[in-house]
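Thanks for making time this morning.

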Amino acid sequence: MTALALEAIARAKALGYAVPSDLEEAARNGARALVARGGVDPDARAALAWSLALSGAPETSAVSALTRERGLLSVAGLARLILAAQAAGMSSGVPAPLCR
């Protein structure tokens, strides 16, 4: 849910809606905490990494870790990882093609 909330905040902001900075920062902090926590599903971590990158706060260490663990990701998780890497400016550091 945190990833979806942060993505919605980022998209609303991109469309010109006023987003309280404390709301955006709270969502980013929640996403950072979850993406760094052990035991979180890899697909969920990929969604969190994508939402952080989309919001302008990419977690490159999470993208790198997920790239190493890509065999655990679903197709949707792989897609989010690719989007996160691209948004973070890491496309050259991600194996191409990014597949199992």
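What you see is a predicted model, in which local features need pLDDT of at least 70 and side-chain atom pairs count only at pLDDT 80 or more, while totals for chains, interfaces and linings use all residues. Residues are numbered from 1 along each chain as its sequence is written, and side-chain values use heavy atoms, with hydrogens and water left out.

By a salt bridge I mean a side-chain nitrogen of Lys or Arg within 4 Å of a carboxyl oxygen of Asp or Glu, and by this rule the count is 7.

One of them joins Arg 11 to Glu 7, at 2.9 Å from N to O. These two residues are 4 apart in helix H1 (residues 2-14), which separates them by about one helical turn; helices here are DSSP runs of H or I with at least four residues, numbered from the N terminus.

Another pairs Lys 13 with Glu 24 at 2.8 Å, N to O. Since Lys 13 lies in helix H1 and Glu 24 in helix H2 (residues 21-36), this pair ties together parts that are 11 residues apart in sequence.

How exposed are the two partners? Lys 13 is partly exposed at 42% relative accessible area, whereas Glu 24 is buried at 6%, where buried means under 20%, exposed over 50% and partly exposed in between, with a 1.4 Å probe and protein chains only.

Glu 24 also meets Arg 28 in a salt bridge of 3.2 Å, N to O. Salt bridges that share partners join Lys 13, Glu 24, Glu 25, Arg 28, Arg 32 and Glu 59 into one network.
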